[in-house]
Amino acid sequence: MTDDVDRRRFELLAMPHLDAAYNLARWLTHNDHDAQDVVQEALIRAMRYFGGFRGDNARAWLLQIVRHTCFSWLKENRPAERAFLDDTDNSVHDIAAPTADEPPSIAIRKADRMQINRAIAALPVVYREVLVLRELEDLSYNDIARIADVPVGTVMSRLARARGLMRDALTPIAQPMLRSVPRSMHAGRTS
Amino acid sequence: MKPHIEAREINAFVDDELDLASRLAMEEQTRQDVTLREQVEGLRQLREAIRRGADYHAAPAALRRRMASLTGTKPVAHSRPADVIVAAQRWIGWHPVVASFGLVAALIVTMNLAWLHSSHDSRLLDDVVASHVRSTLGQHLVDVASSDHHAVKPWLSSKLDFSPPVSELQIPDSKFLGGRVDYLDGHPVAALVYRQGAHIVNFFVWPSSGRDSSPEFSVGRGFQTAHWSQGGMSHWVISDLNAEEFERVVRAIQLVDGDR
């Protein structure tokens, strides 16, 4: 009886976030098959720990478990990605600042699906996860911090870094050279 | 002299995650500092490009089924009374002698289907009430707020395999608050949230195989509800408004829905 009530409650609270769970797992594992396995394992865990769930913010709670399951899986199956798991954020603060004279890039506005997907997939996993949680799940910094199990300050640094890497990946190599052309000359030529 | 601003602070500004004081300071600075303005603009464009271009991987049907069997819920079978009646008529045509038996059998089947249908509706009503209550009790009223108005529809569309009607209602005292994804009747649905005076209105919509019908109003557990089918979509509206005002809201929703 209680079991049934728990199942029903779990279904109501957790199942609406199945897409979010799968989306995160899919981006972290890079493929459908592993993502499905990870989500299934995560949901079984989630059901087991459901008693300890206080009832607020089921999405963050579930994604935290999915994220944890993903990282255990990565540790075991993708040791190459693991190098980034232990990455401390010391190096992050300075690199992310955009160059002062960078114009709003037309290349970024025109970037197509494939370029964007490829650029996200190429991000180191700790940057990829904050970017996916922020841009695709539209989660708050607080929720992301809870899911990724890091302080909010780290979420901020990683997100800034992730976007810096995305910007670099989406900006063609020719762009830095164009930048040095004086504006007036450039305008004169195009108009 | 301009203080140096860290990239993560600019990012937090673009994400609307700064506290009020820092945000105001940043807004002021953006007005004065061209470089900063360009950085902010660049980040906004990047953000928009990612949101627009990145694949959202919705859970595959196979996984959804596996998970449903895990939680012990059965996918809802959609009854097709029309097919049954056609089959029964054909059968009667074949065997005129036992037509009366056939008729009785067909009646029983139809009644059972009607009964199944009504129990399905009452279970759905339970779910709708539960979802409405949860949304008003918890902090999770909307996933995307209407302050980012043009973002609500693409966000919902990216999470669902249909595009819900998203817009203000053309009646006084009504405010569109935003949308979220919820789970009803065995699949994800769009929940659009309105405030009517001091009351919250939840409007759920999802694709279904039902034929077009006009709104059926009912009252239960202190809530007004209305549901109807239109253009291959199921619609449920629920609120604790009084009956008269509730009906006005439902008509306004129908207008918005018909316009899209």
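Between which two helices of chain A is A:Asp149 found? The loop between α10 (141-148) and α11 of chain A holds A:Asp149. The legends below go through this predicted model view by view.

**View 1. A:Asp149 sits in a loop of chain A with a positive phi**. Its phi is about 60°, although A:Asp149 is not a glycine. Most residues other than glycine have a negative phi. Is A:Asp149 buried or exposed? A:Asp149 counts as exposed, because 11 C-beta neighbours lie inside 10 Å and the cut-off for exposed is 12 or fewer.

**View 2. Chain A is built from helices, with zero strands**. Chain A has 13 helices. Read along the sequence, the pattern is α-α-α-α-α-α-α-α-α-α-α-α-α. Chain A has 191 residues, and 42% of them count as buried. Consider the contacts in chain A between residues at least 6 apart in sequence. Of these, 73% join residues at least 24 apart.

**View 3. Helices α2 and α4 of chain A cross at roughly 25°**. Two packed helices are described by the angle between their axes and the distance between the axes. Here α2(A) covers residues 18-29 and α4(A) covers residues 58-77. Their axes come within 10 Å. The angle makes α2(A) roughly parallel to α4(A), because angles under 35 degrees count that way. The crossing of α2(A) and α4(A) is right-handed.

**View 4. Side by side, α2(A) and α4(A) meet through a listed set of residues**. From α2(A) come A:Ala20, A:Ala21, A:Leu24, A:Ala25, A:Leu28 and A:Thr29. From α4(A) come A:Arg59, A:Leu62, A:Leu63, A:Val66, A:Arg67, A:Cys70, A:Trp73 and A:Leu74. What is the make-up of this contact, in nonpolar, polar and charged residues? The residues of the contact of α2(A) with α4(A) are 11 nonpolar, one polar and two charged. An α-helix has 3.6 residues a turn, so residues three or four places apart point the same way.

**View 5. A:Ser72 lies in helix α4 of chain A**. A:Ser72 is partly exposed, because 13 other C-beta atoms lie within 10 Å. A:Val38 is 34 residues away from A:Ser72 along the chain. The C-alpha atoms of A:Ser72 and A:Val38 are separated by 9.6 Å.

**View 6. Chain A touches chain B**. In this contact, 47 residues of chain A are paired with 44 residues of chain B. Several elements give two or more residues to the side of chain A that touches chain B. They are α1 (2-14), α2, α3 (32-48), α7 (106-110), α8 (113-121), α9 (125-136) and α11 (152-170) of chain A. Which element gives the most? That element is α11(A), with eight residues. The side of chain A that touches chain B divides into 24 nonpolar, nine polar and 14 charged residues. The model scores ipTM 0.79 and pTM 0.54.

**View 7. Helix α1 of chain B is mostly covered**. Seven of the eight residues of α1(B) are buried. They are B:Ala7, B:Arg8, B:Ile10, B:Asn11, B:Ala12, B:Phe13 and B:Val14. What covers them? The cover includes α11 of chain A, together with α2 (20-32) and α3 (34-53) of chain B. After α1(B) comes B:Asp16, whose phi is positive, near 60°.

View 8. Chain B has 260 residues, of which buried residues make up 27%. Among contacts in chain B between residues at least 6 apart in sequence, 53% join residues at least 24 apart.

View 9. Chain B averages a pLDDT of 80, and 78% of the residues score at least 70. Over residues 74-81 of chain B, pLDDT stays under 50. For that stretch the model has 12 contacts beyond four places in sequence.

**View 10. B:Asp173 lies in a loop of chain B**. This loop is between α7 (149-159) and β2 (174-184) of chain B. B:Asp173 has a positive phi, near 65°, in a residue other than glycine. B:Asp173 is partly exposed, because 13 other C-beta atoms lie within 10 Å.

Terms used. Residues are numbered from 1 along each chain as its sequence is written. Chains are lettered from A and ligands numbered from 1 in the order in which they are written. This is a predicted model: local features need pLDDT of at least 70, side-chain atom pairs count only at pLDDT 80 or more; totals for chains, interfaces and linings use all residues. Axes are lines fitted to C-alpha atoms, for helices over the stretch in contact, and angles run from 0 to 180 degrees between N-to-C directions. Helices (H or I, at least four residues) and strands (E, at least two) are DSSP runs, numbered from the N terminus. Angles under 35 degrees count as roughly parallel, over 145 as roughly antiparallel, 65 to 115 as roughly perpendicular and the rest as oblique. A crossing is left-handed if the near helix is turned anticlockwise from the far one by less than a right angle, and right-handed if clockwise. Two residues are in contact if their C-beta atoms, placed from the backbone, lie within 7 Å. Ala, Val, Leu, Ile, Met, Phe, Trp, Tyr, Cys and Pro count as nonpolar, Asp, Glu, Lys and Arg as charged, and the others, Gly among them, as polar. A residue is buried if 20 or more other C-beta atoms lie within 10 Å of its own, exposed if 12 or fewer, and partly exposed in between; C-beta atoms are placed from the backbone. pLDDT is the predictor's confidence in each residue, from 0 to 100.
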